[in-house]
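Open the model in your viewer and keep the sequence beside it. The tour below goes from one selection to the next.

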Amino acid sequence: MHTGTRQGPEIWIRGPVTTPEPGPPPEPAHAHAGARRFSWVGTHGGAGVSTLAAVYGGYDSGRAWPGPDGPPSVLLVARTHAAGLDAVAAAVEVFRHGRAPQALDLEGVVLVADAPGRLPRPLAQRVRSLESVIDVYRVPWVPAWRLGELGRPPRETAALARLTGAAR
């Protein structure tokens with residue numbers, strides 16, 4: 001047990017989960033062999049979890065921690081408005097302080113644009129603060145998603161598509 005008072009990025013352990021899962025969950029139809037599976041966890045209502053799971057594959061956990069059938073590698077999801085950034089920062093702190101379910105591994109944060117265009121400076125500063133402690137993947141405003149036209153991941157999200165195995 002660690003008895004020091006150090007806190008910060010040095011407490012993060014990144015990489016594959018080493019404990020075996022209790023049986024493989026069903027793979028999404030477009031997943032390819034060797035793709036890592038993730039649970040999308042919304043940190044507030046309307047974060048975009050269902051859309052991201054449909055576009056990138058993985059387990060739609062809604063706003064709950066994934067259960068035993070869900071992959072233990074978690075991607076926290078939030079919108080880029082102030083309330084969304086507050087919610088995701090609080091969820092990251094849950095992991096940093098060891099209060100998340102023990103079997104879960106926080107892989108990163110996915111921020112979905114809440115509107116088209118650039119973020120106002122105060123919100124951009126908050127995103128940079130998050131990026132200093134965890135990998136952050138940004139998803140731009142996608143007008144077609146509002147119409148239910150999900151299709152392929154936006155090209156600006158190539159890193160997220162590679163991470164999730166959605167790159168085709």
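Against which elements do the buried residues of H2 pack? Keep the question in mind while getting an overview. The model is a predicted one.

**Whole chain**

Show the chain as a cartoon. The protein has five helices and five strands. Read from the N terminus, its elements follow the order β-α-β-β-α-β-α-β-α-α. Of the 168 residues, 43% count as buried. Among contacts with a separation of 6 or more, 70% are between residues 24 or more positions apart.

**The sheet**

Select the strands. Five strands form an open sheet with parallel pairing, in the order E2-E1-E3-E4-E5. E2 and E5 are the edge strands, each pairing on one side only.

Now select E1, residues 39-42. Two bridges join E1 to E2, and serine 39 has tyrosine 59 in E2 as its bridge partner. E1 also pairs with E3, over four bridges in the parallel sense. There, tryptophan 40 stands opposite leucine 75 of E3.

Colour the side chains of E1 by the face they are on. In a regular strand, side chains alternate between the two faces of the sheet. Are the faces of E1 covered or open? Both are covered: Ser39 and Val41 on one side are buried, as are Trp40 and Gly42 on the other.

E1, H1 and E2 make a right-handed β-α-β unit.

Move on to E4, residues 105-112, and E5, residues 136-139. Four bridges join E4 to E5, and the two strands run parallel. Valine 110 stands opposite tyrosine 137 in E5.

**Helix H2**

Select residues 82-96, which are helix H2. H2 has 15 residues and reaches 21 Å from its first C-alpha to its last, close to the 21 Å expected at 1.5 Å a residue. Its buried residues are Gly84, Leu85, Ala87, Val88, Ala91, Val92, Val94, Phe95 and Arg96.

The opening question can now be answered. The buried residues of H2 pack against strand E3 (73-79), strand E4 (105-112) and helix H3 (121-131).

Step past the end of the helix. Glycine 98, which follows H2, has a positive phi, near 75°.

**Salt bridges**

Side chains of opposite charge can pair when their charged atoms come close. How many salt bridges are there? The count comes to two.

For one of them, select arginine 126 and aspartate 86, whose closest N and O atoms are 2.0 Å apart. This pair links distant parts of the chain, with arginine 126 in helix H3 and aspartate 86 in helix H2, 40 residues apart. Arginine 126 has a relative accessible area of 29%, so it counts as partly exposed. Aspartate 86 is partly exposed too, at 46% relative accessibility.

Next, select arginine 96 and glutamate 93, which form a salt bridge with closest N and O atoms 3.0 Å apart. Arginine 96 and glutamate 93 are separated by about one helical turn, because they are three residues apart in helix H2. An α-helix has 3.6 residues a turn, so residues three or four places apart point the same way. Glutamate 93 is partly exposed, with a relative accessible area of 26%, whereas Arg96 is among the buried residues of H2.

**Aromatic pairs**

A pair of aromatic rings is described by the distance of the centres and the angle of the planes. A search of the whole structure finds two such pairs.

Finish with tryptophan 65 and phenylalanine 95. Their ring centres lie 5.4 Å apart with planes at 85°, so this pair is edge-to-face. Tryptophan 65 is in the loop between E2 and E3, phenylalanine 95 is in helix H2, and the two are 30 residues apart. Are these two residues buried or partly exposed? Tryptophan 65 is partly exposed, at 34% relative accessibility, whereas phenylalanine 95 is buried, at 14%.

Key
Residues are numbered from 1 along each chain as its sequence is written. This is a predicted model: local features need pLDDT of at least 70, side-chain atom pairs count only at pLDDT 80 or more; totals for chains, interfaces and linings use all residues. Side-chain values use heavy atoms; hydrogens and water are left out. The expected span of a helix is 1.5 Å times one less than its number of residues. Buried means under 20% relative accessible area, exposed over 50%, partly exposed in between (1.4 Å probe, protein chains only). Contact means heavy atoms within 4.5 Å. Rings of Phe, Tyr and Trp (its six-membered ring) pair if their centres lie within 6.5 Å; planes under 30 degrees apart count as stacked, over 60 as edge-to-face and the rest as tilted. Two strands pair if DSSP finds at least two bridges between them. A salt bridge is a side-chain nitrogen of Lys or Arg within 4 Å of a carboxyl oxygen of Asp or Glu. A crossover is right-handed if, with the strands pointing away from the viewer, the path from the first strand over the helix to the second runs clockwise.
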